[in-house]
Amino acid sequence: MKRSRINQIMASADEFIRSFSFTLPPFAYFTPDEMRARKAQLSRVIDARMGWDITDYGEGDFDKTGLFLFTLRNGQLDDLKRGQGMCYAEKLLISRQDQLSPMHTHVIKAEDIINRGGATLAVQLYGADGQGGFDESAGGTVVCDGIERAFAPGEVLKLAPGESVTLMPGDWHAFWGEGGDVLVGEVSTVNDDMTDNIFRDPIGRFAEVEEDVPPLHLLVSDYEKLL
């Protein structure tokens with residue numbers, strides 16, 4: 001993805017988020033130079049990979065296959081292993097109309113996917129085989145707003161604003177906006193995007209960035225090389 005395109009997505013995403021009376025935290029608006037100058041102070045943000053995350057999954061067509069994410073807070077895997085401390089994470093996502101976030105699951109993370117506003121969020125579900133792998137013939141059960149419900153293989157849940165689904169490790173899922181763009185909330189156990197995203201098809205989690213202009217704000221994937 002070109003950096004100029006990423007900058008445009010950031011600006012439009014911020015406007016979309018604000019339209020729901022939600023404001024991102026202060027560190028979201030730091031310039032790259034400000035982040036470098038405050039690197040020690042922002043070590044918690046950087047180490048937990050909190051911040052902007054825009055991906056085309058390496059497919060080169062963000063509008064067709066892609067996702068906007070912003071990690072608002074994230075705990076520590078060591079706390080999760082110990083069973084005490086900051087064992088949770090929270091994100092905001094924007095799922096655009098007909099923009100696919102591809103079929104995947106997680107090994108560790110359990111998550112609530114919440115339609116915070118906008119259009120309908122479509123979530124396609126499959127169960128897992130005995131080793132947790134994708135199984136096109138497997139259904140299962142999920143919890144929707146506290147109520148357990150069964151799903152058939154490939155069934156698509158339609159979540160209206162305010163509705164949610166709880167996904168456990170081994171629940172294979174893909175999602176997209178239906179009828180318009182959707183502001184999505186994600187509340188989960190500790191998030192590890194480096195190792196805990198298992199895709200059905202061989203795709204990448206992060207975009208390859210072409211530096212045609214300077215970054216407006218850094219992506220979480222920029223931290224290691226630019227900070």
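Cys87 counts as buried because its relative accessibility is 19%, where buried means under 20% relative accessible area, exposed means over 50%, and partly exposed lies in between (1.4 Å probe, protein chains only). Cys144 is likewise buried, with a relative accessible area of 15%. The structure holds zero disulfides, a disulfide being a pair of cysteine sulfur atoms within 2.5 Å.

This is a predicted model, in which local features need pLDDT of at least 70 and side-chain atom pairs count only at pLDDT 80 or more, while totals for chains, interfaces and linings use all residues. Residues are numbered from 1 along each chain as its sequence is written, and side-chain values use heavy atoms, with hydrogens and water left out.

**Strands β1 and β2**

Helices (H or I, at least four residues) and strands (E, at least two) are DSSP runs, numbered from the N terminus. Strand β1 covers residues 51–55, and five of its five residues are buried. Strand β2 (residues 67–74) runs antiparallel to β1, and five bridges join the two; strands pair if DSSP finds at least two bridges between them. Within this pairing, Asp53 has Leu69 of β2 as its bridge partner.

Asn74 also belongs to strand β2. This residue is buried, with a relative accessible area of 4%. A polar atom of the Asn74 side chain lies 3.1 Å from the backbone oxygen of Ala48, and the side chain of Asn74 also reaches the backbone nitrogen of Asn191 at 3.0 Å. A polar contact is a pair of N or O atoms within 3.5 Å; within protein, one must be able to donate a hydrogen and the other to accept it, and residues adjacent in sequence count only if both atoms are side-chain atoms. Leaving aside neighbours within four places in sequence, Asn74 is in contact with residues including Arg44, Met50, Met86, Tyr88 and Val190, contact meaning heavy atoms within 4.5 Å.

**Nonpolar cores and aromatic rings**

A nonpolar core is a set of buried Ala, Val, Leu, Ile, Met, Phe, Trp, Tyr and Cys residues joined through side-chain atoms within 4.5 Å. The largest such core has 32 residues, of which Leu24, Met35, Trp52, Ile54, Phe68, Phe70 and Tyr223 touch the most other members. Two or more residues come from each of α1 (3–18), α3 (43–47), β1, β2 and β3 (88–95). Helix α1 gives the most to this core, with six residues. Not counting residues up to four places away in sequence, Tyr223 touches Met35, Val45, Ile46, Arg49, Met50, Gly51 and Leu218. A second, separate core of 20 residues includes Val123, Val142, Cys144 and Val184.

Rings of Phe, Tyr and Trp (its six-membered ring) pair if their centres lie within 6.5 Å; planes under 30 degrees apart count as stacked, over 60 as edge-to-face and the rest as tilted. By this rule the count comes to seven aromatic pairs. Trp52 is buried at a relative accessible area of 3%, and Phe70 is buried at 0%. Ring pairs also link Phe27, Trp52, Phe68 and Phe70 into a cluster.

Strand β5 (residues 111–126) is joined to β8 by four bridges, and the two run antiparallel. Val156 in β8 stands opposite Gln124.

Ser188 is found in strand β10 (residues 172–189) and counts as buried at 8% relative accessibility. Beyond its neighbours within four places in sequence, Ser188 is in contact with Cys87, Tyr88, Ala89, Lys109, Ala110 and Glu111.

**Exposed residues**

Lys81 is found in helix α4 (residues 77–82). Its C-alpha atom is separated by 37 Å from that of Glu210, 129 residues along the chain. Ser21 lies in the loop between α1 and α2 (32–37), and Asp98 in the loop between β3 and β4 (101–105). Phi of Ser21 is near 60°, a positive value in a residue other than glycine; the phi of Asp98 is also near 60°.

| Exposed residue | Relative accessible area |
|---|---|
| Lys81 | 71% |
| Ser21 | 72% |
| Asp98 | 53% |
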